[in-house]
Amino acid sequence: QAQLVESGGGLVQAGGSLRLSCAASGRTFNGNVMGWFRQVPGKEREFVAARNGFRVAYADSVKGRFTISRDNAKNTVYLQMSSLKPEDTAAYYCAAADTAWTTLQISYNYWGQGIQVTVSS
């Protein structure tokens with residue numbers, strides 16, 4: 001059974017940076033898409049970024065500030081977040097799919113437990 005575990009969240013001031021990590025175990029996702037989503041209480045979970053071996057996508061709200069990367073040898077995906085804003089405050093979720101590419105939340109099969117990122121103004 002595949003498991004995804006996020007780490008690296010926390011509290012940061014506006015303008016600062018954080019790097020989230022998501023370590024997968026139980027299987028590899030080298031040929032599959034992995035991504036990040038986020039959710040604020042009372043709102044729907046939203047897409048942040050996704051990456052496979054040759055394609056990457058970002059939500060407009062994070063383009064130019066966030067970078068998703070993968071280390072297949074470590075079966076890990078990262079989200080480098082820079083120039084953070086208070087509106088980036090959310091629970092961030094790592095996800096993986098049994099397909100090569102998708103940005104649709106419903107198509108992701110495996111999810112981490114989520115990790116909180118809080119950006120203070």
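Residues are numbered from 1 along each chain as its sequence is written, and side-chain values use heavy atoms, with hydrogens and water left out. Since the model is predicted, local features were required to have pLDDT of at least 70 and side-chain atom pairs were counted only at pLDDT 80 or more, whereas totals for chains, interfaces and linings use all residues.

An open sheet of four strands was found in the order β1-β3-β8-β7, with antiparallel pairing. Strands here are DSSP runs of E of at least two residues, and helices would be runs of H or I of at least four, numbered from the N terminus; two strands are taken to pair if DSSP finds at least two bridges between them. The edge strands of this sheet are β1 and β7, each of which pairs on one side only. On average, neighbouring strands are turned by 15° against each other, direction ignored, the axes being lines fitted to C-alpha atoms (for helices over the stretch in contact) and angles running from 0 to 180 degrees between N-to-C directions. The antiparallel pairing of β1 with β3 extends over five bridges, and Val5 stands opposite Ala23 in β3. Strands β3 and β8 pair in the antiparallel sense over six bridges, with Arg19 placed opposite Gln80 in β8.

When residues up to four places away in sequence are not counted, Leu79 touches Leu18, Arg19, Leu20, Trp36, Val48, Ala49, Phe66, Thr67, Ile68 and Tyr92, contact being defined as heavy atoms within 4.5 Å.

The structure holds one disulfide, a term applied to a pair of cysteine sulfur atoms within 2.5 Å. This disulfide is formed by Cys22 and Cys94, whose sulfur atoms are 2.0 Å apart. Because Cys22 lies in strand β3 and Cys94 in strand β9, the pair ties together parts that are 72 residues apart in sequence. The torsion about the S-S bond is about -75°, and the disulfide is therefore left-handed. Both Cys22 and Cys94 are buried.

In the loop between β7 and β8, Asn75 has a phi near 55°, a positive value in a residue other than glycine, and this residue is buried, with a relative accessible area of 10%. Thr76, found in strand β8, counts as buried at 8% relative accessibility. The side chain of Thr76 reaches the backbone oxygen of Lys74 at 2.9 Å, and, leaving aside neighbours within four places in sequence, Thr76 is in contact with Ser21, Cys22, Ala23, Ser69, Arg70 and Asp71.

The loop between β8 and β9 includes Ser83, which has a positive phi of about 50° although it is not a glycine, and which counts as partly exposed at 40% relative accessibility. Asp88 is found in the loop between β8 and β9 and counts as buried at 0% relative accessibility. The side chain of Asp88 makes polar contacts with the side chain of Arg38 at 3.0 Å and with that of Arg65 at 2.7 Å. A polar contact is a pair of N or O atoms within 3.5 Å, of which, within protein, one must be able to donate a hydrogen and the other to accept it, while residues adjacent in sequence count only if both atoms are side-chain atoms. Apart from neighbours within four places in sequence, Asp88 is in contact with Arg38, Arg65, Phe66, Ser83, Val117 and Val119.

Terms used:
Buried means under 20% relative accessible area, exposed over 50%, partly exposed in between (1.4 Å probe, protein chains only).
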